[in-house]
Amino acid sequence: MDSVQHGQPVSVQVCDACDARFDARDARVQCASCEGLLHVQHPQPPTCGVALRESFDARLLPARGPQGTGPGDSGVWRFRELVMPDARDEDLVTQGEGNTPLLARPRIAAWAGVDHLLLKHEGLNPTGSFKDRGMTVAITQARRINATAVACASTGNTSSALASYAALAGLRGLVLVPAGKVALGKLSQTIAYGAQTLLVRGDFDDCLRLCRQSSEQLGVYLANSINPWRLEGQKTIMFDLLQQLRWQSPDWLVLPAGNLGNTSAFGAALREARRLGLIDRAPRLACVQAAGSAPFAASFRDGFATRHTVRAETIATAIRIGDPASHERAVRAIRETDGVVLTVTDDEILEAKAIVDASGVGCEPASAASVAGTRKLVRDGTIQRGARVVALLTGHMLKDPEVMLAYHRDTEPAPACANRSIEIDATLAAVERVLRSGSDLS
Ligand SMILES: *Cc1c(COP(=O)(O)O)cnc(C)c1O
Ligand SMILES: [Zn+2]
């Protein structure tokens with residue numbers, strides 16, 4: 001049932017564990033009575049079914065004004081009724097996030113072994129990852145509640161997004177990242193956008209704990225993955241995708257899984273999309289973890305009887321998480337969609353990434369886990385060759401230049417897909433020698 005204020009239905013924050021309800025403007029991101037995670041519950045939109053679809057579709061033709069990006073250009077705020085219904089245009093901290101392309105690349109499909117593979121490229125968001133979708137909402141919320149500073153713990157992309165949106169909003173940004181474990185692109189963005197950057201001698205899980213503690217004690221608004229508004233923004237990956245597919249679900253949606261925020265947000269988005277009659281059938285979710293950071297896959301194998309934690313290790317730093325914050329919600333998402341959870345090795349991730357990159361698309365290592373996972377699920381017969389599959393690419397290829405150079409330039413012996421560059425003298429003869437000898441170039 002909707003909550004009501006001054007005769008108007010309003011959004012509320014509700015505790016997952018004990019159902020306690022909190023005002024939408026309450027700055028705490030965990031339950032005040034039991035410390036459970038909060039989720040946001042919105043009033044019923046004025047329309048549903050075909051009418052709601054049509055109102056979202058009508059906004060696909062935005063009047064892009066000379067002032068740059070406004071709410072009409074955002075693939076998050078187009079779905080405002082399902083994200084933050086009472087946000088006013090002037091509240092929004094937005095820069096044209098979302099609206100990411102859905103790409104068909106036959107070469108990648110052939111490598112994965114499926115006939116119909118589309119890549120939803122969230123790496124083409126303003127700061128280069130899907131984290132912008134959650135951050136535009138969290139920072140809009142921070143401004144609505146008059147926060148003066150925002151903080152997060154991050155494997156890197158959240159801090160890039162927070163730093164950028166905090167700068168847009170004129171708020172102080174504080175980020176805690178594991179020292180020496182953040183990819184170069186992400187770290188340099190965070191610093192350059194102007195956030196106060198703390199390099200913590202510990203791992204992501206240490207950063208998250210420190211961040212929670214400091215927000216309680218220092219009164220900083222927490223824009224972590226447990227922030228309920230971020231998940232509202234991340235739901236729009238699914239709405240945006242379904243809209244691109246003319247509201248026809250694919251058979252499978254394959255995604256990399258670390259802290260399980262997306263898995264949870266997709267579960268919630270699909271639940272809502274069905275309840276509101278936007279779709280009549282949901283895709284099956286396939287969550288792909290790196291073998292060295294796979295607590296959720298371990299839980300899946302024992303039927304989710306136990307919640308596992310591990311010391312996380314993988315080259316794919318964005319999913320290097322040993323104790324995922326959104327475990328419970330992700331379990332629900334997998335159960336409701338008849339989903340699966342699997343692991344791929346770092347070598348499989350790197351090979352998939354090399355294929356994605358060489359197709360001209362490009363993505364960061366964690367993103368390639370979804371393509372590697374697709375191939376594995378086809379090989380073991382879980383995904384049929386003729387199924388309609390969407391793989392999520394979560395981050396941009398320039399996020400992690402070091403991994404790419406190590407793969408193509410430094411790995412001995414050279415991996416099958418390595419593209420070695422050749423240093424030459426500045427003479428035409430040297431160029432000719434390479435061209436003549438290069439079977440690569442023939
Ligand atoms: C944050 C992130 C992930 C992990 O997503 P979760 O929602 O935490 O599971 C995967 N890939 C990239 C590039 C990310 O930035
Ligand atoms: Zn509670």
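This is a predicted model: local features need pLDDT of at least 70, side-chain atom pairs count only at pLDDT 80 or more; totals for chains, interfaces and linings use all residues.
**Zinc site**

I looked up the donors of the zinc ion (ligand 2) and found Cys15 (SG), Cys18 (SG), Cys31 (SG) and Cys34 (SG), at 2.3 Å. I read their spacing in sequence as C-x2-C-x12-C-x2-C. I then checked the geometry: the angles among the 4 donor atoms run from 99 to 117°, and the site is tetrahedral.

I also looked at accessibility for two of these cysteines. Cys31 has 4% relative accessibility, so I list Cys31 as buried, the limit being under 20%. Cys34 has a relative accessible area of 35%, and I list Cys34 as partly exposed.

**Largest cavity**

I counted 3 cavities of 30 Å³ or more. For the largest cavity I noted a volume of about 320 Å³. Its lining holds 26 residues, and Phe130, Lys131, Asn259, Ala318 and Ile321 lie nearest the centre. I sorted the lining by class and got 11 nonpolar, 12 polar and 3 charged residues.

Which helices each supply at least two residues of this lining? I found helix H4 (157–169), helix H7 (228–244) and helix H8 (261–275). The largest share, 3 residues, comes from H7.

**Second largest cavity**

I noted about 40 Å³ of space in the second largest cavity. I listed its lining as Leu350, Lys353, Ala354, Asp357, Val403, Met404, Tyr407 and His408. Helix H11 (346–358) and helix H13 (401–410) are the elements that give two or more residues to this lining. By class I recorded 5 nonpolar, 1 polar and 2 charged residues for the lining of the second largest cavity.

Key: Residues are numbered from 1 along each chain as its sequence is written. Chains are lettered from A and ligands numbered from 1 in the order in which they are written. Side-chain values use heavy atoms; hydrogens and water are left out. Donors are N, O and S atoms within 2.8 Å of the metal (3.2 Å for Na, K and Ca); water is not among the atoms, so sites may look incomplete. Four donors count as tetrahedral if all angles lie between 85 and 135 degrees; four count as square planar and six as octahedral if opposite donors are over 155 degrees apart and all others between 65 and 115; anything else is irregular. Buried means under 20% relative accessible area, exposed over 50%, partly exposed in between (1.4 Å probe, protein chains only). On a 1 Å grid over the protein atoms alone, a cavity is a set of points where a 1.4 Å probe fits but cannot get out, and a pocket is an open set with protein on both sides within 12 Å along at least five of seven lines; lining residues have an atom within 4 Å of a point. Grid points are joined across faces, edges and corners, and a volume is the space filled by probe spheres set on the points. Helices (H or I, at least four residues) and strands (E, at least two) are DSSP runs, numbered from the N terminus. Ala, Val, Leu, Ile, Met, Phe, Trp, Tyr, Cys and Pro count as nonpolar, Asp, Glu, Lys and Arg as charged, and the others, Gly among them, as polar.
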